[in-house]
Amino acid sequence: MSVPYQQTGNQLDYQEIKQTKADLKAEIHFIGQIVGGLDFQTDDGLFCELAIDCGDGWDLLQPGNNKGIQTQTSYANPGQLFSWCHPFDLHFSVSNIIGWPKALLKVWRLDSSNKIDACSYGTSIFPRSAGYHQMTCETWTPTGENLDLEIRKPNEDLATNTDQFSKFDRSLDWRFQALSFYMENPPRLTTLAPLTTDKGDFARRKILNSISNGKVIIEVEVILKNFKRLSFSGQ
Amino acid sequence: MNTRNYKKDVSDQGSIKGQTNQNFGFSQPQQFQDGVSRIQEEMMDPRNIQPDSMFLNFSGVLECGECEDEESLRIEYAVKYGGDDWTYLKTSNNADDAEPSGISQLSTSRNLHSRNIVWNFPFECNFQTKNIFGWPQVVVRLSGPDFMGRSVAKGYGSVHVPTQPGYHERIIRIFKPLPISGFTGFLGYLLGNTAELKNFDKVISSGEGREVTRVKSVGYVKVKFHVTLVNFDKFGYL
């Protein structure tokens with residue numbers, strides 16, 4: 001409770017600067033827009049899904065639910081931008097900066113028979129300094145698995161065992177390629193774990209083979225609160 | 001001399017430290033006379049007063065833009081903001097100043113070689129807030145005549161107001177909703193009922209419920225912003 005500012009006669013009452021514990025917590029606002037996609041080289045409609053991955057010390061205060069973002073479906077001529085234009089406004093309270101938020105992107109394709117399928121994946125890290133930033137995230141499409149790599153022991157050094165490796169590294173899995181040619185859809189990831197470094201399954205990313213795909217453009221403004229007071233960089 | 005000696009424990013104020021309502025007028029002993037003007041100056045110094053809200057004042061110009069093969073276009077804008085914490089401060093008592101929005105003139109590109117259409121449409125808004133969530137966005141709609149001269153919407157777009165003070169230029173990407181099928185598109189073209197967004201400012205600014213809409217990119221609009229932030233450093237931002 002603080003006493004309101006009063007002016008009585010010819011004297012002014014001194015209004016106290018009341019500091020609460022919440023005033024000294026670090027908070028971050030990411031305000032921006034998923035602008036669109038470029039260079040996807042497809043005639044189908046594309047839309048983007050964004051999931052936010054952050055560490056335990058990050059608390060998403062607003063919006064209340066972290067169910068992820070799904071944009072509208074956009075069509076584009078060759079060389080044109082697939083315009084998604086999806087605004088977002090995230091308010092985090094930070095008690096531990098480990099696990100800086102990442103945007104896990106999944107681009108979906110809507111083909112002419114109204115069927116949706118995964119097109120490509122990407123990971124982008126939100127900027128760490130205040131101001132306006134344009135994040136460009138290159139995406140990749142998985143084309144298959146290199147299951148022979150699983151035979152090796154987990155800690156075996158890649159450089160020492162070159163014979164076994166050079167033989168298997170070049171063999172792209174023909175089964176996935178054949179299936180995707182006839183079914184017209186690429187293989188999909190079963191989990192988003194290979195996209196983020198925090199979860200345990202990230203090490204399995206080494207068995208993936210992928211092909212490059214277009215890029216997703218995100219414009220974001222970052223507002224930091226109390227970073228300077230707590231001696232964190234960026235503000 | 002310690003000018004803070006004027007604070008003493010005022011028991012009827014509870015345990016609020018530093019609170020005082022003493023009369024610094026004429027009942028004080030002579031030795032405090034020097035400190036009185038300094039204390040009053042200190043109390044009136046704006047750096048010592050904790051404000052209760054932040055203010056955002058921005059002005060700008062919707063400068064120019066292009067939309068596929070269109071020659072004549074008009075631009076309409078609305079500023080959408082988070083409803084609960086943000087307050088739009090009106091600068092006049094006109095009825096059309098109730099919400100920040102505006103409609104520009106109908107402008108035409110200069111010659112056949114360039115599709116650039118210039119509006120040079122200025123805007124200015126003041127907001128009062130206690131929370132950053134719900135930062136204002138400028139949502140625009142381009143509209144113009146179709147082949148029969150009826151006014152139809154040609155594209156939509158949105159951009160957030162920049163958060164850093166100073167001068168900024170932004171590009172708004174414009175998209176147009178696609179009709180559901182070729183037939184409805186053709187019929188809409190004839191009747192002037194092309195695919196449009198109802199309540200475009202709410203739909204575009206929130207992003208909710210757009211998962212099943214299909215759109216196509218049609219152009220861009222260049223915007224210039226000038227931003228001033230008030231009291232943001234007192235609240236720990238900036």
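## Asp69(B) and its salt bridges

Asp69(B) is exposed, with a relative accessible area of 66%; the classes used here are buried (under 20% relative accessible area), exposed (over 50%) and partly exposed (in between), found with a 1.4 Å probe on protein chains only. The side chain of Asp69(B) meets that of Arg115(B) in a salt bridge, at 3.8 Å from N to O. A salt bridge is a side-chain nitrogen of Lys or Arg within 4 Å of a carboxyl oxygen of Asp or Glu. Arg115(B) is partly exposed, its relative accessible area being 35%. Salt bridges with shared partners join Glu66(B), Asp69(B) and Arg115(B) into one network.

The structure is a predicted model, in which local features need pLDDT of at least 70, side-chain atom pairs count only at pLDDT 80 or more, and totals for chains, interfaces and linings use all residues. Residues are numbered from 1 along each chain as its sequence is written, chains are lettered from A and ligands numbered from 1 in the order in which they are written, and side-chain values use heavy atoms, with hydrogens and water left out.

## Overall build of chain B

Chain B has 3 helices and 10 strands; helices (H or I, at least four residues) and strands (E, at least two) are DSSP runs, numbered from the N terminus. Their order from the N terminus is α-β-β-β-β-β-β-β-β-β-α-α-β. Of the 238 residues of chain B, 45% count as buried. Contact means heavy atoms within 4.5 Å, and among contacts in chain B between residues at least 6 apart in sequence, 75% join residues at least 24 apart.

Strand 7 (residues 137–145) and strand 8 of chain B pair in the antiparallel sense over 9 bridges, where pairing requires that DSSP finds at least two bridges between the strands. Val138(B) has Val159(B) as its bridge partner in strand 8 of chain B. The two strands form a hairpin with 5 residues between them, and Gly149(B) in the turn has a positive phi of about 95°. Strand 8 of chain B is largely enclosed by the rest of the structure, because 9 of its 10 residues are buried.

## The interface of chains A and B

In all, 50 residues of chain A are in contact with 52 residues of chain B. The two chains bury about 4400 Å² between them, 50% of it on carbon and sulfur atoms; this is the accessible area (1.4 Å probe) that two parts lose on being put together, summed over both. Between the chains there are 3 salt bridges and 19 residue pairs in polar contact, both residues at pLDDT 80 or more. A polar contact is a pair of N or O atoms within 3.5 Å; within protein, one must be able to donate a hydrogen and the other to accept it, and residues adjacent in sequence count only if both atoms are side-chain atoms.

One of the salt bridges joins Glu221(A) to Arg170(B), with the closest N and O atoms 2.8 Å apart. The side chain of Glu221(A) also makes a polar contact with the side chain of Thr163(B), at 2.7 Å. Thr163(B) is in the loop between strand 8 (151–160) and strand 9 (166–177) of chain B and is buried, with a relative accessible area of 3%.

## Lys216(B), between two partners

Strand 7 of chain A and strand 10 (residues 214–230) of chain B pair in the parallel sense over 3 bridges. Within strand 10 of chain B, Lys216(B) is the bridge partner of Tyr75(A). The side chain of Lys216(B) also meets that of Glu68(B) in a salt bridge, at 3.6 Å from N to O. This pair links distant parts of the chain, 148 residues apart, with Glu68(B) in the loop between strand 1 (54–67) and strand 2 (72–80) of chain B. Lys216(B) counts as buried at 17% relative accessibility, whereas Glu68(B) counts as partly exposed at 29%.

## A link within chain A

Arg188(A) and Asp117(A) meet through their side chains in a salt bridge, at 3.1 Å from N to O. Arg188(A) lies in the loop between helix 2 and strand 12 of chain A and Asp117(A) in strand 10 (residues 116–125) of chain A, so the pair ties together parts that are 71 residues apart in sequence. Asp117(A) is buried, with a relative accessible area of 5%.
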